[in-house]
Amino acid sequence: MERSTERVLSPRAVERMIADGQTIIIYEDAVLRLDSWLGKHPGGRLAIQHMIGKDATDEMTVYHSAATLKTMKAFRIGRKPRGPWVNFTPPIRGGVYQKHKEEPVEVDSAYGSLSEDTSSASEHGVSDEETTQPIRAANLRKRAPAQAKAQSSPVEAVNARQTPAEYINSAVQGEIDQDIKDYPSLDPAVQLDIVHKYRLLHQKVRDQGLYTCAMSNYAKELARYTTLFAISMFALNHGWYLTSAAFLGLFWHQIMFTAHDAGHLAITHIFAVDTLIGLFIADFCCGLSLGWWKSSHNVHHLVTNHPEHDPDIQNVPLFATCPSFFRSISSSYYENFVFVWDAVADFMVPYQRYTYYPIMGVARFNLYLLSWLHVLSAKSSSLGRSKAWWIRPTEITFICCYLFLFGYCLVWRTLPTWTIRIAFVLISHIVTMPLHVQITLSHWGMSTSELGDAESFPQRQLRTTMDVDCPAWLDFIHGGLQFQAVHHLFPRVPRHNLRKVQTLVKEFCKEVDIPYTILGFNDGNRKVLGRLDEVSEQLKHLVQCQQYMAQTGESGLH
């Protein structure tokens with residue numbers, strides 16, 4: 001009799017299980033039930049919930065080591081039918097599932113199951129079925145040639161007789177139509193071809209040893225961090241307080257790049273070691289929660305630039321990067337918190353291109369708040385039921401140490417006057433502004449459209465992310481954040497290898513006809529400011545629609 005883990009589960013059977021509340025995802029040819037792992041996943045529950053009902057092979061492969069992927073066989077309950085899996089929409093994104101009648105389970109003994117050889121398939125990321133079947137997608141990849149645009153998309157001509165809802169829908173749809181025009185077809189054959197070539201690219205990255213971290217690079221980083229911190233303390237000791245503050249800010253700016261590496265397990269690829277490195281840097285040295293960052297950042301990587309789901313672009317009422325926010329969206333990351341579009345948003349967003357840099361200058365203070373909200377939240381406490389139980393108490397201890405050393409010992413006890421204390425804190429934090437600009441630069445000017453579950457993982461990442469062009473000798477200034485598109489495709493690759501991977505990604509994009517967006521730092525800033533200005537103009541048009549409705553007495557005001 002066929003083992004239950006080798007039975008073929010039809011899409012309808014999977015739908016029925018999801019309707020029953022089970023956490024079902026597809027990995028290679030296996031159907032996994034992750035109910036028992038959902039609350040223990042170090043990357044957070046949401047990272048799994050956004051994959052329910054979907055083929056998560058690419059996401060799981062690039063985010064996890066081969067050793068971790070081997071453990072997935074413990075969650076296997078069957079296998080999918082032959083051929084590509086047609087993705088469902090996860091419940092967290094609004095997918096609706098029905099409980100169908102029980103149906104016979106197809107058992108195909110000729111079709112091999114995952115076994116001890118799973119590690120080989122996981123390591124290569126390309127199944128035998130995919131490599132042996134020819135893909136005839138060239139004739140399907142038909143689209144209008146992409147044209148360079150100074151801004152994300154033209155602002156639609158406004159019809160004041162539209163209701164506000166109609167105008168918002170037309171603005172959102174216009175951006176979707178532009179993306180469909182600029183990017184490869186969503187035809188399954190085209191997307192399967194992209195996935196096939198992406199997995200070959202991933203294998204090439206492995207074969208060239210680009211996952212191997214050269215520790216000598218971090219010796220140079222450590223020397224830079226130590227120098228910046230030593231200069232800050234030297235200036236502090238000599239009473240050059242504002243100079244000390246500036247160099248302390250530079251120290252924070254530079255060292256956080258390594259925290260980012262550690263958060264992605266891109267240094268040693270060992271969970272405990274990289275996590276401890278990240279906790280020491282982020283929590284102890286900088287007072288920021290690595291756990292909060294990982295919780296939001298993992299979701300950001302999976303649903304990049306999705307207004308309802310990516311916390312990195314949910315900044316209303318200060319900023320709006322797309323017209324979807326005019327609808328007062330509900331955030332899945334913030335547990336259905338509604339970012340209400342209110343009078344404050346109406347006042348702030350028209351000036352967002354002018355407030356962008358000032359707010360980035362003080363953004364670090366907001367990160368302190370988000371860090372404490374996380375370590376005291378259920379998201380952090382849930383790790384107590386997992387092997388990562390030690391992260392939360394370590395975070396609280398390290399952040400308290402930071403507050404004692406920076407807040408009490410340095411600011412309160414060492415600085416002589418309130419004027420100098422306030423100036424020291426402001427200067428040290430404002431100096432980190434370039435980091436916050438670098439974080440937003442690669443995404444805020446890019447697409448926020450949702451093209452559906454047929455879009456492949458690599459196409460979505462390249463559509464919503466751009467790289468920043470700079471000479472190699474300036475790489476240390478950007479800390480790897482200039483390779484965000486490459487990083488989103490291969491998040492565990494050490495940042496010192498991303499320039500090499502970039503060459504391979506450019507070849508891949510040319511082969512599959514996906515536009516690869518790369519701009520210089522100044523042009524990238526102009527693109528972001530242009531996008532912010534564009535949304536401000538869309539808001540003005542929305543107000544015109546509201547005014548018309550108010551004047552005519554028709555309904556439609558939001």
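Guide: Two residues are in contact when they have heavy atoms within 4.5 Å of each other. Please note that this is a predicted model.

Visitor: Which residues does Leu32 touch, leaving out those up to four places away in sequence?
Guide: Leu32 touches Thr23, Ile24, Ile25 and Tyr27, and also Met60, Met72, Phe75 and Arg76.

Visitor: And which residues touch the most other members of the largest nonpolar core?
Guide: Leu32 is one of them, together with Trp341, Tyr356, Leu462, Phe490 and Val505. That core has 75 residues. Apart from it lies another core, of 40 residues, including Leu236, Leu370, Leu435 and Leu481.

Visitor: How much of the protein is buried?
Guide: Of its 558 residues, 54% count as buried. The protein exposes about 24500 Å², and carbon and sulfur atoms supply 61% of that area.

Visitor: New topic: how many helices and strands are there?
Guide: The protein has 25 helices and seven strands.

Visitor: At what angle do helix 16 and helix 19 cross?
Guide: The axes of helix 16, residues 363–375, and helix 19, residues 418–430, cross at roughly 95° and come within 8 Å. Because of that angle, helix 16 is roughly perpendicular to helix 19.

Visitor: Which residues meet there?
Guide: From helix 16, Arg364, Phe365 and Tyr368 meet Val425, Leu426 and His429 of helix 19. The residues of this contact comprise four nonpolar, one polar and one charged.

Terms used
Residues numbered from 1 in each chain as written. Predicted model: local features only at pLDDT ≥ 70, side-chain atom pairs only at ≥ 80, totals over all residues. Heavy atoms only, no water. Core = buried A, V, L, I, M, F, W, Y, C linked by side-chain atoms within 4.5 Å. Buried < 20%, exposed > 50% of the residue type's maximum accessible area, 1.4 Å probe, protein only. Axes fitted to C-alpha atoms, helices over the stretch in contact; angles between N-to-C directions. Helix = DSSP H or I, 4+ residues; strand = E, 2+ residues; numbered from the N terminus. Parallel < 35°, antiparallel > 145°, perpendicular 65-115°, else oblique. Nonpolar A, V, L, I, M, F, W, Y, C, P; charged D, E, K, R; others polar. Areas by Shrake-Rupley, 256 points an atom, 1.4 Å probe, with all protein chains shown as cover.
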